[in-house]
Amino acid sequence: MKIRNIIPSCQTIPLIKPFITALRKVTSIEFVMIRVLLEDGTEGVGTASPTVVITGDSLQGIESAVQTILSPLLIGREIEQIAALSQTIQHSCIGNTSAKAGMEIALFDAYAKKLNVPLFQLFGGKTNTLQNDMTISINETDRMVKDAVEGVKKGFNALKIKAGLDVAEDHERIQAIREEVGPLIEIRVDANQGWTKKEAVRIIDGWEKAGLNINLVEQPVAAWDLASLKYVTDRVNTPIMADESVFSPKQALELVQMRAVDWLNIKLMKAGGIFRAMHIADIAQAGGIPCMIGSMMESGTGVLAAAHIAAAHPNIKKIDLDAPLWLKGSDFKAFPFKGPTIVLSEKPGIGYDFMENSGGGEA
Ligand SMILES: [Mg+2]
């Protein structure tokens, strides 16, 4: 079935509260919704979210890449040749991983609808139920403790605490949160490249000596600095995860071969699509390294596509897909992101009806 048209549109959804990391503060999200129309009227939808400080992709850049680079190469092609279409997308230009990912999500949604299966079953269908975590923004310690306790009260068993703006305060904040939420809650710390290698070792060592039982530490040092990532991994017992250091399957292979980290964090917007996200999970599996799947602060559609992959791939063992829980509105009806449990729809494709105009409405 031929692709008849591809229509990108820019949309905005405000956040319930600001999202603050060592890299940025966000109060609303922007994204490009990409609709793929097949000749028989089947519609696939994907979204691409800009994160200029991580991927370099801007809203206008994504829209332009879809309109001027990707669409002309895809319109008129057969949806059944989706692996070849993916190759076309990947070879169309350097970078632009968010536009590539959003485009491929839309193609997969249309393809799975044609086959009449939900996306996660198309990929192997390990489960339809996932346990999500809740991210805690960087704030004053009291506020972070309050947010953490609130997350636990809502039923989250795993918290991802943002750190990396101030080493001295990071120690105190994590200690205060652990004391308040008790020993049974899984605590993941994400420094978003905020520490030097020696700061990282010192602070993680401090948490180990204090018995805080930190489940993992994500991206302690600069994304480009794989040697320092390995330095930290080799010197602490706490598992270390790469996030901003791993965009592509090639980078995953390098990290695995170096034994630079214990975990990889896969995101569709970094990887450039579903096929490449799966390749990263495969490479990590071959090297005995488990993966988490995460997202940027992005729309429900993109995050839902990531959830389908997590529900299918055996090497994706942790879920960090709480971005839609921060949105004051939705890009599709019957919003599945509410509490800690994500249950995927049995409907074909991504499995939800999309809003005609997603901005603004309450979830
Ligand atoms: Mg991260």
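A cavity here is a set of points, on a 1 Å grid over the protein atoms alone, where a 1.4 Å probe fits but cannot get out; lining residues have an atom within 4 Å of a point. Points are joined across faces, edges and corners, and a volume is the space filled by probe spheres set on them. Run over the whole structure, the search turns up two cavities of 30 Å³ or more. The model is a predicted one, with local features needing pLDDT of at least 70 and side-chain atom pairs counting only at pLDDT 80 or more, while totals for chains, interfaces and linings use all residues. Residues are numbered from 1 along each chain as its sequence is written, and side-chain values use heavy atoms, with hydrogens and water left out.

The largest cavity comes out at about 190 Å³. Its lining takes in 18 residues, and Phe19, Lys162, Ser295, Met296 and Met297 are the ones nearest the centre. Sorted by type, that lining has seven nonpolar, four polar and seven charged residues (Ala, Val, Leu, Ile, Met, Phe, Trp, Tyr, Cys and Pro count as nonpolar, Asp, Glu, Lys and Arg as charged, and the others, Gly among them, as polar). Domain 1 (3–116) and domain 2 (122–343) each put at least three residues into the lining of the largest cavity, with domain bounds coming from an automatic or database assignment.

The second largest cavity has a volume of about 30 Å³. Its lining includes Val246, Phe247, Asn265 and Lys267, and splits into five nonpolar, one polar and two charged residues. At least two lining residues come from each of β10 (263–266) and α10 (268–271); helices (H or I, at least four residues) and strands (E, at least two) are DSSP runs numbered from the N terminus.

As for the metal, Asp190 (OD), Glu218 (OE) and Asp243 (OD) coordinate the magnesium ion at 2.1 to 2.3 Å. Donors are N, O and S atoms within 2.8 Å of the metal (3.2 Å for Na, K and Ca), and water is not among the atoms, so sites may look incomplete. Asp190 sits in strand β7 (residues 186–190) and Glu218 in strand β8 (residues 214–218), so the pair ties together parts 28 residues apart in sequence.

On the cysteine side, the disulfide count is zero, taking a disulfide as a pair of cysteine sulfur atoms within 2.5 Å. For Cys93, the nearest cysteine sulfur belongs to Cys10, 17 Å away. Cys93 is buried at 17% relative accessible area, and Cys291 is buried too, at 0%.

Terms used
On a 1 Å grid over the protein atoms alone, a cavity is a set of points where a 1.4 Å probe fits but cannot get out, and a pocket is an open set with protein on both sides within 12 Å along at least five of seven lines; lining residues have an atom within 4 Å of a point. Buried means under 20% relative accessible area, exposed over 50%, partly exposed in between (1.4 Å probe, protein chains only).
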